[in-house]
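Subject: Structure handover and notes

Hello,

Here is the structure we talked about passing on. Please keep it open while you read the notes below it.

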Amino acid sequence: MEAKIAIQGIKGSFHHQVVREYYTDEVAIDECLSFEELVDSLLSGKSTQAVMAIENSIAGPIIPNYALIDKNNLHIIGEHYLNIHQNLMALPGQTIEAIQEVYSHPMALLQCMDFLKTYPHIKIVEDKDTAETARRIQEKQLTGIAAIGSTVAAEMYGLEILAPEIQTIKNNMTRFVIINKENSFVPQNEINRASIKFELDHKRGSLAAVLNVMSDCKMNLTKIQSLPKIETPWKYSFFVDVTFENYADFAKAKSLIAIMAEYFKVLGEYKNTKPLSVENKAV
């Protein structure tokens, strides 16, 4: 079966760029306009794997996506980090002064707000996807309309970059995960990162005890996020990412946390690819 990768957005989006960088072989793309549609594509067998944004260095974790992975019993089998470079683009031959409206995904607009404030005459409009906006401008030959997106989108849809690198924070990185219906096929000796979920009894010191276990088992906690349990008021699920050098240490931590927690689940065990310059900032 030919590999088909589901992405949120269309070709030219940042998700598509991750596919181009992560997969060494040519793969087919299933374009999905929402993360829910992406999950459905994977569950139905329409796609074989999926690429999903999971956290941004500025905006933080995308918790609903962790919940989607958990709810649908999907597995994280890999990750990829992408430097996000936002560019203002439009049909060739126009100037920024001629642009009346700019369309893009809300996150992209937020990342570029300082730049956009310097052009108060431009109306800011939220849209579903960065690349889809670029494609629409090309297909309908829309003048006076700009998009914000990747250089890949500009190239694919024949747009001219009016202003490059307009994101407020230049070191803007998004972490994407590769998800699958089946568990990781990474050799155990290469696994040095994991995503887990657990629920604890609502009593003093329960979370501290689990964190102590992680420390004692030489886990490096890179992210922890709580999510309320809707059906049980004042109880929370914790989504945690850890890195480690020895899988045996992680295996010991798993067995202990499974005993301590009311509920415990491994969302994925995979290879850590976080750039060293970022890894050194982990908590």
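Predicted model: local features only at pLDDT ≥ 70, side-chain atom pairs only at ≥ 80, totals over all residues.

Residues are numbered from 1 along each chain as its sequence is written, and side-chain values use heavy atoms, with hydrogens and water left out.

Salt bridges

Side chains of opposite charge can pair when their charged atoms come close. The search of the whole structure gives 14 salt bridges, where a salt bridge is a side-chain nitrogen of Lys or Arg within 4 Å of a carboxyl oxygen of Asp or Glu.

One of them joins Asp241 and Arg175, at 2.6 Å from N to O. This pair links distant parts of the chain, with Asp241 in strand S14 (residues 236-243) and Arg175 in strand S11, 66 residues apart. Helices (H or I, at least four residues) and strands (E, at least two) are DSSP runs, numbered from the N terminus. Asp241 counts as buried because its relative accessibility is 0%, and Arg175 counts as buried at 1%. The classes are buried for under 20% relative accessible area, exposed for over 50%, and partly exposed in between (1.4 Å probe, protein chains only). Asp241 and Arg175 also belong to a network of salt bridges that links them with Glu55, Glu79 and Arg193.

Arg136 takes part in a salt bridge with Asp127, at 2.4 Å from N to O, and in one with Glu132, at 2.5 Å from N to O. Arg136 and Glu132 are both in helix H6 (residues 130-140), four residues apart, which is about one turn of the helix.

Cavity

How many cavities of 30 Å³ or more are there? The count comes to one, and the volume of the largest cavity is about 40 Å³. On a 1 Å grid over the protein atoms alone, a cavity is a set of points where a 1.4 Å probe fits but cannot get out, and lining residues have an atom within 4 Å of a point. Grid points are joined across faces, edges and corners, and a volume is the space filled by probe spheres set on the points. The lining consists of Ile196, Met214, Met219, Val242, Phe250, Ala253, Lys254, Ile257 and Phe264. H9 gives the most to this lining, with four residues.

Surface patch

Helix H9 (residues 247-260) also holds Ile259, which counts as exposed because its relative accessibility is 70%. Ile259 forms a nonpolar surface patch with Leu256 and Met260, and together they have about 280 Å² of accessible area. Patches are made of residues with over 30% relative accessible area and no salt bridge, with like charges joined within 9 Å and nonpolar side chains (Val, Leu, Ile, Met, Phe, Trp, Tyr) within 5 Å. Accessible areas come from the Shrake-Rupley method with a 1.4 Å probe, and for residues only the protein chains shown count as cover.

Backbone

Most residues other than glycine have a negative phi. Asn73 is not a glycine, yet its phi is positive, about 55°. Asn73 is in the loop between helix H3 (63-71) and strand S5 (75-83). In H3 the buried residues are Ile63, Asn65, Tyr66, Leu68, Ile69 and Asp70.

Glu165, also not a glycine, has a positive phi of about 50°. Glu165 sits in the loop between strand S10 (160-163) and strand S11 (173-180), and it counts as partly exposed at 34% relative accessibility.

Two single residues

Gln8 is in strand S1 (residues 4-8) and counts as buried, at 10% relative accessibility. Leaving aside neighbours within four places in sequence, the contacts of Gln8 include Ser13, His15, Cys32, Lys128 and Asp129. Contact means heavy atoms within 4.5 Å.

Met113 lies in helix H5 (residues 113-117) and is partly exposed, with a relative accessible area of 25%. With neighbours within four places again left out, Met113 is in contact with Ile124 and Thr168.

Regards

Conventions: 1 Å grid on protein atoms, 1.4 Å probe; cavity = no way out; pocket = protein on both sides within 12 Å on 5 of 7 lines; lining within 4 Å.
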